[in-house]
Amino acid sequence: MIDFDSYNQQGGSFGYGGGDYSYGGGNQDHGHGGMDGGGWMAGGGGGDDDSKGRGGYKNQTLRPVTVKQLIEVPVSSGDMPVHIDGEEIKQITLVGVVRNIVQQPVNVTYSVEDGTGKIDVRMWVNGEDGGDQPDPAIAVGKHVRVYGELKFFNGSRSVNAHKIRAVTDSNEITYHGLEAVYVHLCKTRQPQASSALPAPGLGPAAAGMTPVRAAVLDAIKSAPPGPEGAAVAGIQQALAARFRADEVNSAVDWLINEGHLFTTIDDQHVQSTNFS
């Protein structure tokens with residue numbers, strides 16, 4: 001059994017209820033866990049040998065989830081590994097409101113809802129030594145944080161809880177939802193391609209580059225080198241066989257506004273920002 005109360009964080013602190021867990025996302029850094037293995041790791045008592053055999057302590061990463069994510073996990077049999085977002089998950093944590101409590105001699109079943117769905121959370125009671133007793137602060141209508149594992153039995157799913165505690169700070173509810181979404185996006189979204197415009201002077205393939213604008217750039221690059229650049233009148237004359245003077249002037253204005261050209265000694269002399 002994992003002692004969550006004595007857990008020492010190895011990364012960022014969530015700051016709610018004394019900081020209950022740190023998520024590191026396996027070998028990835030999602031901004032909180034600082035351990036190479038990610039999150040917290042079970043310690044003492046030999047650990048979970050079955051988990052070690054299926055991928056080591058990486059699978060012990062504590063994954064923040066929503067109930068909807070747990071409901072969408074395909075039903076499996078036996079002790080088959082659970083996958084969320086394509087990654088094997090052992091330990092999960094969720095935050096929700098208690099809708100119903102059923103107490104039995106050996107366990108207490110809480111029906112927990114978080115706005116995305118509802119799931120049963122089962123906490124086993126140790127009646128011999130008085131440990132693992134139901135928390136009297138947990139009641140119907142109260143928010144709780146759950147730590148445990150998703151389990152399947154006879155085609156139904158539930159969470160076998162290692163620990164359930166009452167939420168005392170309402171900010172924790174919002175924070176957990178954001179954390180669950182953030183981790184989900186980190187696992188499922190590919191890096192977005194840059195939306196920046198092409199660098200100045202890339203030619204006709206650049207965004208918005210029409211034939212007259214490309215011709216103006218080529219004419220400037222073909223002009224004799226010098227800090228004063230090219231005269232607009234000279235560009236008009238060089239392109240007179242293909243474009244009107246007003247088309248050249250409009251192209252020059254556009255190229256200046258888009259950062260491809262800049263004026264030099266006066267408004268009638270321009271130079272390419274891509275010249276060497």
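Which residues does S158 touch, not counting those up to four places away in sequence? Here are some friendly notes on that and a few other spots.

1. First, a reminder that this is a predicted model. The chain has 276 residues, and 41% of them count as buried. Its secondary structure comprises 6 helices and 11 strands.

2. Back to the opening question. Leaving out residues up to four places away in sequence, S158 touches I119, D120, R122, E149, L150 and K151. S158 sits in strand β8. With a relative accessible area of 9%, S158 falls under the 20% limit and therefore counts as buried. Its side chain makes a polar contact with the side chain of R122, at 3.3 Å.

3. Q91 is another polar residue worth a look. Q91 is found in strand β4, and it is buried, with a relative accessible area of 2%. The side chain of Q91 makes a polar contact with the side chain of H162, at 3.0 Å.

4. Now for the largest nonpolar core, which has 25 residues. The members that touch the most others are L70, L94, Y110, V121, V146, V159 and I164. At least two core residues come from each of α2 (67-71), β2 (82-84), β4 (91-103), β5 (107-113), β6 (118-124), β7 (143-153) and β8 (156-166). The largest share, 4 residues, is supplied by β7.

5. Setting aside neighbours within four places in sequence, Y110 is in contact with V98, N100, I101, I119, D120, V121, M123, P134, I138 and I164. Of these, V121 and I164 are also named with Y110 among the core members that touch the most others. Apart from this core lies another one, of 19 residues, including M209, F243, A251 and L261.

6. What does a search for aromatic pairs find in the whole structure? The count is 0. There is an arginine over a ring, though: R213 lies over the face of W254, at 4.0 Å from the ring centre.

7. Two whole-chain values to finish. Among contacts between residues at least 6 apart in sequence, 56% join residues at least 24 apart. The chain exposes about 14,800 Å², and carbon and sulfur atoms supply 51% of that area.

Methods:
Residues numbered from 1 in each chain as written. Predicted model: local features only at pLDDT ≥ 70, side-chain atom pairs only at ≥ 80, totals over all residues. Heavy atoms only, no water. Core = buried A, V, L, I, M, F, W, Y, C linked by side-chain atoms within 4.5 Å. Buried < 20%, exposed > 50% of the residue type's maximum accessible area, 1.4 Å probe, protein only. Contact = heavy atoms within 4.5 Å. Areas by Shrake-Rupley, 256 points an atom, 1.4 Å probe, with all protein chains shown as cover. Polar contact = N/O pair within 3.5 Å; in protein donor to acceptor, adjacent residues only side chain to side chain. Phe/Tyr/Trp six-rings, centres within 6.5 Å; stacked < 30°, edge-to-face > 60°. Lys NZ or Arg CZ within 6 Å of the ring centre and 35° of its normal.
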